[in-house]
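Subject: Structure for your review

Dear colleague,

Please find the sequence and the structure below. My notes on what was found follow directly after them.

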Amino acid sequence: MMLRRGFILFLPQLVGLLVVACCSMSIVYMLACTPKGDNQQLALPRVHSPTVKEGYEAILQEREEQHRNYIISLKKQIAQLKAELQGRTEQLKNIQNQYPNSLDIQLDHSKPEKAQANLLAFLRSQVDKAEVHSGVKLSTEYAAVPFESFTLQKVYQLETGLTRHPEEKPVRKDKRDELIEVIELAVGSLNKPDGVSKAKPHVYTASDFVEGIYRTEKNKGTLYELTFRGDAKHQFKKIVLFRPFGPVMKVKNENVNMADTLINVIVPLAKRASKFRQFMQNFREMGIQQDGRIHLTVVYFGKEQMNEVKSILENTSKSANFKNFTFIQLNEEFSRGKGLDVGARFWKGNNVVLFFCDVDIYFTAEFLNSCRLNTQPGKKVFYPVLFSQYNPSIIYGHHDSIPSLEQQLIIKKETGFWRDFGFGMTCQYRSDFINIGGFDLDIKGWGGEDVHLYRKYLHSNLMVIRTPVRGLFHLWHEKQCLDELTPEQYKMCMQSKAMNEASHGQLGMLVFKEEIETHLHRQKLSSKKI
């Protein structure tokens, strides 16, 4: 009974508290939902206003009006965005209607004028899509496509290519012809009468050319900006040219069956039995077990360690049930070119893909397929750029132990480099090798024979496929440059030796090792004092 009476007495107080709480929540909600305007603040009813109720109604009415205006503004913005999106969609549809699929674009020779107009329209659209008239937003600093600069005599380049020169005469014919064509076109355009000025025009020549910059966006085209001397001092003429790239066109669609394509791996060798054992482990796993369409020819010079090499070969043959190998022994001084030439000519079977290999090479089954796919008798030879491993004792010198060989074979700038100056590892059909004349057998010892063969192919009508491959590695080994080498061979050998050790950064750490250790010692002493 007393409990019920207490509850009845407390009920009015509870109702009052709930009313106050609801009012407080309403005020907070209106404050939170107020759109940010120009110095607009929520005006609470003052004490001397007619009534609290009328004050709140005025506030709500004002807020409702502001929300209504805000919604109207949003609707207008949405309508504008929809209109812009629709316009872009129509523009894209028009382009797609003209060029439904760039792979299917074909010139209609029955209507040459229409075909030419369509092609010109596409090329002009390439200019609009490229970064010519204005910049584009890029995600990172690495996304920027840098320009390279040139004068009449020199090209200043970031991508130095095989020559490694930051500045050079344009030695490649395609680059030389390209820049000459651009300068001549610019001169012709500058000398074209404008039909407005009656004064005697200045006749421009190539000698007025000061400098140019150019860059290529791979899917759009090449932009050229050329500067010429003007009519007076400190005056210049600038002309912008653009070479648009055409649409991607289908050239060929064919099935390639490599099931019966045999590769004859030819390895010239003298001594180095321990390296040959390592090579045979790789050959067994990748060539015999994973690929299976492979033959091995070993051309051995001399007799020292020969029995050990033959034993390794025979043990692999027995354990892997592998009979596709040939062992040729020559009693003469080692010559890589002679060994490869003898091994290639010794083959008596059908036309076969020859892979000229060294004992310090590691290859994958993927590479063997690349070897097949990039060779074609009478048409193509394959010159892969392999990844050359740095000295593991330098790379992993700060580690507790050097990782296994398989773990070392990763393509990173700290672990190695693309050996783009080497031409010794190559795949070609035997018929092409015989027809080209084989190796120059007058070259003895190390180096030079591979470059001569490479040049023979370049001078022929065969297509030379030169590309980096991820499945071909040159394993590090200490290089010995013998005194009996010719001066040119010795220079090549020493250059190769220098590049083999480590990256610039890693070699720098070795050069400044003492300075670094002194710095670390000082830091250690200063930290102890603190």
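Gln 305 has a positive phi of about 65 degrees, although it is not a glycine. Its relative accessible area is 31%, so Gln 305 is partly exposed; buried means under 20% relative accessible area, exposed over 50%, and partly exposed in between (1.4 Å probe, protein chains only). Helices (H or I, at least four residues) and strands (E, at least two) are DSSP runs, numbered from the N terminus.

Please note that this is a predicted model, in which local features need pLDDT of at least 70 and side-chain atom pairs count only at pLDDT 80 or more, while totals for chains, interfaces and linings use all residues. Residues are numbered from 1 along each chain as its sequence is written, and side-chain values use heavy atoms, with hydrogens and water left out.

Another loop residue is Arg 272, found between β7 (263-269) and α5. Arg 272 is not a glycine either, yet it has a positive phi of about 55 degrees. Because its relative accessibility is 33%, Arg 272 counts as partly exposed.

As for the protein overall, it has 15 helices and 15 strands. Of its 530 residues, 34% count as buried. Among contacts (heavy atoms within 4.5 Å) between residues at least 6 apart in sequence, 70% join residues at least 24 apart.

Next comes the interior. A nonpolar core is a set of buried Ala, Val, Leu, Ile, Met, Phe, Trp, Tyr and Cys residues joined through side-chain atoms within 4.5 Å. The largest such core has 44 residues, and those with the most contacts inside it are Val 265, Phe 276, Phe 279, Phe 283, Phe 355 and Phe 367. Helix α5 (residues 273-291) gives the most to this core, with seven residues. Apart from it lies another core, of 22 residues, including Trp 347 and Tyr 457. Beyond its neighbours within four places in sequence, Phe 283 is in contact with Val 265, Ile 288, Ile 294, His 295, Leu 296, Phe 322 and Phe 363.

Helix α5 also packs against helix α6 (residues 306-320), at an angle of about 20 degrees and with the axes 10 Å apart. Axes are lines fitted to C-alpha atoms, for helices over the stretch in contact, and angles run from 0 to 180 degrees between N-to-C directions. The two helices, α5 and α6, are therefore roughly parallel to each other; angles under 35 degrees count as roughly parallel, over 145 as roughly antiparallel, 65 to 115 as roughly perpendicular and the rest as oblique. Among the residues that make this contact are Phe 276 and Met 280 of α5 and Ile 312 and Leu 313 of α6.

How do α5 and helix α8 (residues 365-373) cross, and within what distance do their axes come? The crossing is at roughly 70 degrees, and the axes come within 9 Å. Helices α5 and α8 are therefore roughly perpendicular to each other. In this contact, Met 286, Gly 287, Gln 290 and Asp 291 of α5 meet Ala 365, Leu 368 and Arg 372 of α8. The C-alpha atoms of Gln 290 and Ala 365 are separated by 6.4 Å, although these residues are 75 apart along the chain.

With kind regards
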